[in-house]
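Work through the exercises below with the sequence and the 3D view side by side. Try each task before reading its solution.

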Amino acid sequence: MARGSSQYFSSGSARSEISNRAIADVKSPIKGLGKLIRSKSADSVSSELVSKNLTDSERTIVSQSNEYATIYKDGVQIMIKTSGKPDAVDFTAKELKALKGATFTHNHPMVDGQDIPFSRADLGFARGTGLAEIRAVSGNTVFSIKPSPEFFKIPKGKFNDILNGFRDEQIKRLGFNPKTFNEKSDVADKVRVLDATFTEFDKFYKINYTKSTL
Amino acid sequence: MKIPKENQNEKGEYSLKDDEGLKGSPKKSAPKDYQYTKKDEEEYQAFLDKIKKEIKKGLK
């Protein structure tokens with residue numbers, strides 16, 4: 001039974017009672033974690049996410065202007081995180097350890113009307129933490145990566161060079177000048193390059209990169 | 001997981017930050033005037049050959 005979760009909720013409201021009941025039902029699959037981990041900056045959206053399954057969580061976070069992450073292990077929700085920022089979510093070292101083998105989903109607020117796919121940082125995060133699956137929801141799209149063992153064998157010191165090697169090639173293949181691309185390209189250009197990069201990277205490292213409709 | 005300095009926030013925690021520079025990007029698409037050359041193709045092939053070798057080595 002989870003303990004001590006009431007500190008994360010405002011008291012006295014109907015929502016608080018529901019959330020506390022829901023959280024009490026959550027048994028953490030992780031040794032040493034007695035309760036669902038939530039950000040100190042948790043807000044009403046975070047409270048709404050408690051005990052929601054993956055799809056329902058994604059439908060809740062996709063329209064938010066700040067980033068939220070919800071994490072599941074063996075089908076059980078283990079973490080809800082937000083940092084109150086539109087482009088980042090923060091994790092402590094202890095939380096990072098708990099992510100091995102987990103399914104991690106987060107939202108990418110749309111930019112200039114574009115659904116935003118994974119960033120290179122997302123892929124590095126999946127590698128470093130040993131995630132079973134990383135997902136990003138943006139607009140109407142769910143982006144997913146389920147890395148294979150080949151992916152985790154990339155030497156740490158070579159990871160960025162390899163990923164950037166794939167990216168540089170896609171920039172050129174799409175007809176953009178690699179020297180001016182970062183400075184001159186709009187969001188749609190950058191999204192096309194990221195998508196092509198992950199697609200090409202997938203052919204070699206079997207990350208099972210997919211896109212589906214939310 | 002040791003947190004690399006470039007990924008740390010002000011508290012020393014890991015910050016999963018979307019660092020693609022999407023916000024503040026120009027509103028106009030970049031010109032598509034780059035001519036993909038034979039040399040580019042050869043360089044990419046060499047890059048892929050190296051990767052294939054690394055993967056093979058890793059699977060042993």
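**Exercise 1: the form of chain B**

Chain B has one helix and one strand as its secondary structure, where helices (H or I, at least four residues) and strands (E, at least two) are DSSP runs numbered from the N terminus. This is a predicted model, in which local features need pLDDT of at least 70 and side-chain atom pairs count only at pLDDT 80 or more, while totals for chains, interfaces and linings use all residues. Residues are numbered from 1 along each chain as its sequence is written, chains are lettered from A and ligands numbered from 1 in the order in which they are written, and side-chain values use heavy atoms, with hydrogens and water left out.

Task: decide whether chain B is a compact globule or more spread out than one.

Solution. Begin with the radius of gyration, which is taken over C-alpha atoms, and with the globule rule, 2.2 Å times the number of residues to the power 0.38. For 60 residues the rule gives 10 Å, but chain B has a radius of gyration of 19 Å, well over that value, so chain B is more spread out than a compact globule. Next, consider the box filled by its C-alpha atoms along the principal axes, which is roughly 50 × 45 × 15 Å. Finally, of the 60 residues in chain B, 28% are buried, a word that means under 20% relative accessible area, with exposed over 50% and partly exposed in between (1.4 Å probe, protein chains only).

**Exercise 2: one residue in a loop**

Task: find where S25(B) lies, and determine whether S25(B) is buried or exposed.

Solution. S25(B) belongs to the loop between strand 1 and helix 1 (38-59) of chain B. Its relative accessibility is 6%, so S25(B) counts as buried. As a further step, compare it with Q8(B), which is 17 residues away along the chain: the two C-alpha atoms are separated by 24 Å.

**Exercise 3: the sheet of chain A**

Task: give the order of the strands in the open sheet of chain A, and describe how strand 6 is covered.

Solution. Seven strands of chain A form the open sheet in the order 1-3-2-5-6-7-8, with mixed pairing; two strands pair if DSSP finds at least two bridges between them. The edges are strand 1 (37-38) and strand 8 (210-213) of chain A, each of which pairs on one side only. Strand 2 (residues 68-73) and strand 3 (residues 76-82) of chain A pair in the antiparallel sense over six bridges, and K73(A) has V76(A) as its bridge partner in strand 3. By contrast, strand 5 (residues 103-107) and strand 6 of chain A pair in the parallel sense over five bridges, with V137(A) as the partner of N107(A).

Now turn to the faces. In a regular strand the side chains alternate between the two faces of the sheet. In strand 6 (residues 133-138) of chain A, six of its six residues are buried: E133(A), R135(A) and V137(A) lie on one side, and I134(A), A136(A) and S138(A) on the other.

**Exercise 4: the lining of the largest pocket**

Task: state which residues lie nearest the centre of the largest pocket, and which element gives the largest share of its lining.

Solution. A pocket is an open set of points on a 1 Å grid over the protein atoms alone, with protein on both sides within 12 Å along at least five of seven lines, and lining residues have an atom within 4 Å of a point. The largest pocket is lined by 23 residues, and N160(A), P4(B), E6(B), N7(B) and Y14(B) lie nearest its centre. Helix 5 of chain A gives the largest share of this lining, six residues.

Notes. On a 1 Å grid over the protein atoms alone, a cavity is a set of points where a 1.4 Å probe fits but cannot get out, and a pocket is an open set with protein on both sides within 12 Å along at least five of seven lines; lining residues have an atom within 4 Å of a point.
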